[in-house]
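Open the structure in your viewer and keep the selection tool at hand. This tour goes stop by stop.

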Amino acid sequence: MKETSRREFLKGTAWMGVAAMAAGCSSNPFKFFGPSGAPMQGFALKPMKKVRVACVGVGSRGVGAVHRIAMIPGTEVVAIADLFQDRIDRQLKWLQDNRKPAPRKTFAGPESWKRVCEMDDVDVVYNVTPWHLHEPIASYAMEHGKVALNEVPGCLSIDECWKLVETSERTRMPCMMLENCCYGEYEMAMFNMVKQGVFGEIVHGEAGYIHDQRDLQYGSRYHSLDGHPDAGKAGRPGWALDFYSKHSGNWYPTHGLGPVAKYMDINHGDNFDFLVSLDSKQANYHFYGRELYKDWRKDFKVKMGDMNLSIIRTKLGRSILLEHDVSSPRPYSRLNLISGTRGMAMSYPEFRVALEEKTGDGKAHKYMDPEATEAVRAKYRHPFWKVAGEVAKKVGGHGGMDFIMDLRWSYCLQNGLPLDTDVYDLAAWSAMVELTEKSVDSGSRPIDCPDFTRGAWRTAKPFTVEEIDLAKLPGLVV
């Protein structure tokens with residue numbers, strides 16, 4: 001049976017779970033879903049006395065990952081893999097200089113990631129590689145009994161999403177996307193406000209990734225994937241821009257979408273239904289290249305528009321505006337807006353709140369003054385930030401959100417708790433890459449969103465405001 005036909009068949013078997021539940025045959029109505037295993041929502045491994053981590057990719061963001069992980073009690077970097085030995089050597093020196101344990105093994109080369117996945121003394125594979133490697137590495141890690149942690153987006157296509165879902169279900173290994181923006185101080189405060197009903201019934205959200213990356217994509221930080229002799233030189237398109245030259249749509253959706261999806265309990269009480277997407281024309285990457293680089297390749301064309309706009313509707317009728325622009329000269333923003341029947345909040349360009357005290361009193365027609373806004377922010381500060389915020393800011397990583405994220409998944413693994421987001425969340429958020437491209441290329445027609453939970457979103461436990469007890473992580477100092 002073809003893959004697409006098999007999945008269509010599975011969609012048509014929803015009655016099996018409902019019938020089983022009605023007949024009292026199973027406490028889990030979705031037991032029959034997932035041809036390759038059991039559902040992973042709410043799944044937790046046994047507590048780990050020590051979390052042994054292999055870091056794959058230490059050329060850019062992976063550098064910070066090594067440093068943060070080495071500072072978390074009960075967590076150790078036991079292996080490092082990268083294309084280049086000199087990158088590994090720099091991390092070995094940092095660990096030595098900071099009196100942290102040296103990795104037991106390191107591997108350099110194109111398939112070095114396979115070696116760390118195959119190690120017996122590794123629990124977690126922390127994947128910080130170019131996008132096209134996210135799914136292969138995560139799948140291979142789970143096949144070898146490792147927890148897979150993927151940088152964003154978690155994968156690039158619907159087929160890759162399904163591959164990760166089915167591999168996680170079959171191997172019974174968690175697969176989480178390292179979406180650090182879900183752990184930002186303002187994002188988590190707004191999540192706390194949503195859960196306490198401050199905004200009333202949630203109706204609409206806005207999410208985005210507005211980040212001028214022209215210097216980055218034409219710089220030397222990202223090497224090219226095509227083996228060009230000028231790879232790594234300023235003015236030579238890096239690997240991300242190689243993708244943009246071939247594709248339309250939103251190729252980096254999750255920084256903005258992840259927090260809004262959590263506000264709306266996507267996959268945990270609601271689900272993406274369909275979307276419509278369009279691209280603007282492409283001007284900025286071409287203009288930038290022509291203006292700054294004498295040897296700019298005149299034949300190099302970027303397909304992706306400067307701005308991608310997508311509108312998503314959920315099964316419960318909520319709406320989400322999703323934006324992506326990494327080439328226009330404008331200030332950074334993730335939008336991060338949530339709106340309901342009693343008011344709204346947003347965190348870019350700054351944390352702002354507008355709330356009604358009584359229905360129809362008009363107080364939400366303008367933002368609260370700075371003093372009142374600060375009082376709201378302090379009142380609803382998330383427990384993670386109350387407990388570990390000061391340490392996180394000292395360690396760093398996008399204002400501390402990276403450390404809060406790493407601290408949390410390690411805490412969950414050490415204490416036998418489910419990870420905050422699961423493989424279905426990774427799939428639903430990452431699927432926007434292909435779905436937006438399909439809509440753009442079809443003339444902005446509506447595109448249905450796959451339900452990676454196979455209906456389990458209706459009964460899955462909603463996201464909750466969890467806490468971290470640092471007594472269970474003794475020795476957390478910086």
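Select strand S4, residues 124–127, in this predicted model. Val124 and Tyr126 point one way from the strand. Val125 and Asn127 point the other way. All four residues are buried. In a regular strand, side chains alternate between the two faces of the sheet.

Strand S1, residues 51–56, pairs with S4 in the parallel sense, over four bridges. Look for Cys55, which stands opposite Tyr126. Strand S5 also pairs with S4 in the parallel sense, again over four bridges. Here Asn127 stands opposite Asn150 of S5.

Stay on Tyr126 and show what surrounds this residue. Which residues does Tyr126 contact, leaving aside its neighbours within four places in sequence? Among them are Val53, Ala54, Cys55 and Val56. Ala65, Arg68 and Ile69 are also in contact with Tyr126.

Next, widen the view to the largest nonpolar core, which has 131 residues. Tyr126, Tyr244, Phe272, Trp409 and Phe452 touch the most other members. Helix H15, residues 401–414, gives the most to this core, with nine residues. In soluble globular proteins, nonpolar side chains tend to be buried together.

Follow the chain past H15 to Asp422, in the loop between H15 and helix H16 (423–430). Is Asp422 buried or exposed? Asp422 is buried, yet has no salt bridge. The nearest side chain of opposite charge is Lys262, 9.7 Å away. A polar atom of the Asp422 side chain lies 3.0 Å from the backbone nitrogen of Tyr424. Leaving aside neighbours within four places in sequence, Asp422 is in contact with Met40, Gln41, Cys175 and His268.

Select residues 254–263. Ten of the ten residues of H11 are buried, so the helix is largely enclosed by the rest of the structure. Beyond the helix, pick Asp265: its phi is positive, near 55°.

Last, go to Ser157, in the loop between S5 (147–150) and helix H7 (158–171). A polar atom of the Ser157 side chain lies 3.1 Å from the backbone nitrogen of Glu160. Ser157 and Ser430 are 273 residues apart in sequence. In space, they are 7.8 Å apart, C-alpha to C-alpha.

Note on methods:
Residues are numbered from 1 along each chain as its sequence is written. This is a predicted model: local features need pLDDT of at least 70, side-chain atom pairs count only at pLDDT 80 or more; totals for chains, interfaces and linings use all residues. Side-chain values use heavy atoms; hydrogens and water are left out. A nonpolar core is a set of buried Ala, Val, Leu, Ile, Met, Phe, Trp, Tyr and Cys residues joined through side-chain atoms within 4.5 Å. Buried means under 20% relative accessible area, exposed over 50%, partly exposed in between (1.4 Å probe, protein chains only). Helices (H or I, at least four residues) and strands (E, at least two) are DSSP runs, numbered from the N terminus. Contact means heavy atoms within 4.5 Å. Lys and Arg count as positive and Asp and Glu as negative; His and the chain ends are not counted. A salt bridge is a side-chain nitrogen of Lys or Arg within 4 Å of a carboxyl oxygen of Asp or Glu. A polar contact is a pair of N or O atoms within 3.5 Å; within protein, one must be able to donate a hydrogen and the other to accept it, and residues adjacent in sequence count only if both atoms are side-chain atoms. Two strands pair if DSSP finds at least two bridges between them.
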